[in-house]
Amino acid sequence: MENRKETITMEHKNSVIYSPFYGCTIVATGKLEHFTRDGINSKIASLGATAGSSVTRKTSYVICGEKPGSKLTKAQELGIPVLTEQEFLSMIPA
């Protein structure tokens, strides 16, 4: 079976949103420039994803800010894609 993620269409307030993160688990680590921790977790949820608090094999992506710590190391060990905050922002609908 091919392991791939597809963009899912979500309806949100009478509009259609395409989210590449729908159904994913995303963990944020480090200090982010544009979000507080609660803010990034809310944004993740608004995209149809789950905000995780620790990196596991079920984690789909890690968003990495300044001074990330052990979550980045764990993601690298597990081969989980790591996104900068800017890469994450460029992948989400406007």
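Colleague: What does the secondary structure of the protein chain come to?

Modeller: Three helices and six strands. Bear in mind that this is a predicted model. From the N terminus on, the elements run β-β-β-α-β-β-α-β-α.

Colleague: Why is A51 called partly exposed?

Modeller: Its relative accessible area is 32%. Buried means under 20% and exposed means over 50%, so A51, at 32%, falls in between and counts as partly exposed.

Colleague: Where is A51 found?

Modeller: In strand 4, residues 50-52.

Colleague: And what is A51 in contact with, leaving aside its neighbours within four places in sequence?

Modeller: I26, N41 and I44. Each of these has heavy atoms within 4.5 Å of A51, because that is what contact means here. As for V62, 11 residues along the chain from A51, the C-alpha atoms of the two are separated by 9.9 Å.

Colleague: I26 turns up there. What is I26 in contact with, again leaving aside neighbours within four places in sequence?

Modeller: F21, I44, A49, T50, A51, G52, Y61, I63 and F88.

Colleague: What makes a set of residues a nonpolar core?

Modeller: The members have to be buried residues of the listed kinds, Ile and Phe among them, joined through side-chain atoms within 4.5 Å. The largest such core here has 14 residues, and F21, I26, I40, I44, I63 and F88 touch the most other members. Strand 3 (25-29), helix 1 (37-46) and strand 5 (61-64) are the elements that give two or more residues to this core. Another core, of five residues, lies apart from it, with V27, V55, A75 and I80 among them.

Colleague: How much of the protein chain counts as buried?

Modeller: 32% of its 94 residues. The accessible surface comes to about 6,300 Å², of which 48% belongs to carbon and sulfur atoms.

Colleague: What share of contacts between residues at least 6 apart in sequence joins residues at least 24 apart?

Modeller: 58% in this protein chain.

Colleague: Which residues line the largest pocket?

Modeller: K31, L32, E33, H34, C64, G65, E66, T84, E85 and Q86. The volume of this pocket is about 170 Å³.

Methods
Residues numbered from 1 in each chain as written. Predicted model: local features only at pLDDT ≥ 70, side-chain atom pairs only at ≥ 80, totals over all residues. Heavy atoms only, no water. Helix = DSSP H or I, 4+ residues; strand = E, 2+ residues; numbered from the N terminus. Buried < 20%, exposed > 50% of the residue type's maximum accessible area, 1.4 Å probe, protein only. Areas by Shrake-Rupley, 256 points an atom, 1.4 Å probe, with all protein chains shown as cover. 1 Å grid on protein atoms, 1.4 Å probe; cavity = no way out; pocket = protein on both sides within 12 Å on 5 of 7 lines; lining within 4 Å. Points joined across faces, edges and corners; volume = space filled by probe spheres on them.
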